[in-house]
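Here are my notes for your review, as numbered points. Please read them alongside the model.

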Amino acid sequence: MKKIQISPSILSADFSQLGNEIKRLEDAGADMIHVDVMDGHFVPNLTIGPPVIKALRDYSELTFDVHLMISPVHKYIKDFADAGADIITIHPEATDNLAESIKHIKSLKKKVGISLNPNTDVGIIENHLGDADLILVMSVYPGFGGQKFIPEVIEKIELLKKIKDDRNYNYDIEVDGGINFSNSKNVINAGANILVSGTTIFKENNGNIKKNIETLKEV
Ligand code: DX5
Ligand code: ZN
């Protein structure tokens with residue numbers, strides 16, 4: 001099994017201290033930094049954009065795992081690449097031409113992530129799985145931190161793991177939304193190797209992020 005990695009979502013961090021929060025996550029053993037970008041249109045919430053990511057870039061060497069919940073996404077991909085994103089994850093519903101958007105991300109020498117909402121089937125992106133570095137399985141409807149994990153997505157994780165093994169694909173399987181200490185093991189056993197978490201990492205154990213990252217990695 002691949003080593004389990006934790007990608008804390010800065011959506012639950014102290015937004016007045018984002019640079020220091022990222023440093024704190026790196027010191028606590030985070031493997032990457034998950035940045036949730038929302039446009040108030042593709043999802044009903046607004047967060048941050050490229051200038052903030054650029055400003056944060058100096059605070060950590062960790063991979064910036066940038067989750068774009070914006071539509072249309074294609075024309076903004078380069079801005080996020082230039083700002084310092086390492087993985088650029090897009091939703092298939094947010095682009096007119098997924099193949100072109102994947103090609104574009106690759107041409108900018110960034111890793112390609114494709115995200116599946118809870119009601120989006122794997123079949124929709126089946127032809128693109130071989131081109132992806134990461135598949136981000138949403139276990140809540142995107143838009144807000146602190147929502148409840150949708151257990152039905154476990155089957156989708158298992159399917160993605162099976163396809164990956166059968167066809168020898170290389171993508172990581174990342175799960176995002178409502179991850180806590182009681183469902184993390186199920187998600188890992190289903191085949192996920194990267195867990196995103198905001199609420200659990202920043203709020204459990206009185207905000208002991210080191211302990212929370214370690215506990216989420218336990219199988
Ligand atoms: C939801 C975001 C998630 C979310 C995770 O739209 O994509 O990254 O912030 O936060 P928790 O762990 O609180 O569900
Ligand atoms: Zn996310």
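1. His 67 is buried, at a relative accessible area of 0%. Asp 176 also counts as buried, at 8%. Buried means under 20% relative accessible area, exposed over 50%, and partly exposed in between (1.4 Å probe, protein chains only).

2. Ground rules. This is a predicted model: local features need pLDDT of at least 70, side-chain atom pairs count only at pLDDT 80 or more, and totals for chains, interfaces and linings use all residues. Residues are numbered from 1 along each chain as its sequence is written, chains are lettered from A and ligands numbered from 1 in the order in which they are written, and side-chain values use heavy atoms, with hydrogens and water left out.

3. His 67 sits in strand β3 (residues 63-69) and Asp 176 in strand β7, so the pair ties together parts 109 residues apart in sequence. Strands (E, at least two residues) and helices (H or I, at least four) are DSSP runs, numbered from the N terminus.

4. Strand β6. In β6 (residues 134-138), five of five residues are buried. Leu 134, Leu 136 and Met 138 cover one side, Ile 135 and Val 137 the other. In a regular strand, side chains alternate between the two faces of the sheet.

5. Pairing. β6 runs parallel to β5 (residues 111-116), joined by four bridges; strands pair if DSSP finds at least two bridges between them. Ser 115 has Leu 136 as its bridge partner in β6. β6 also pairs with β7 (residues 172-176) in the parallel sense, over five bridges. There, Val 137 stands opposite Val 175. From β6 the chain crosses through helix α5 (residues 153-167) to β7, and this β-α-β crossover is right-handed: with the strands pointing away from the viewer, the path from the first strand over the helix to the second runs clockwise.
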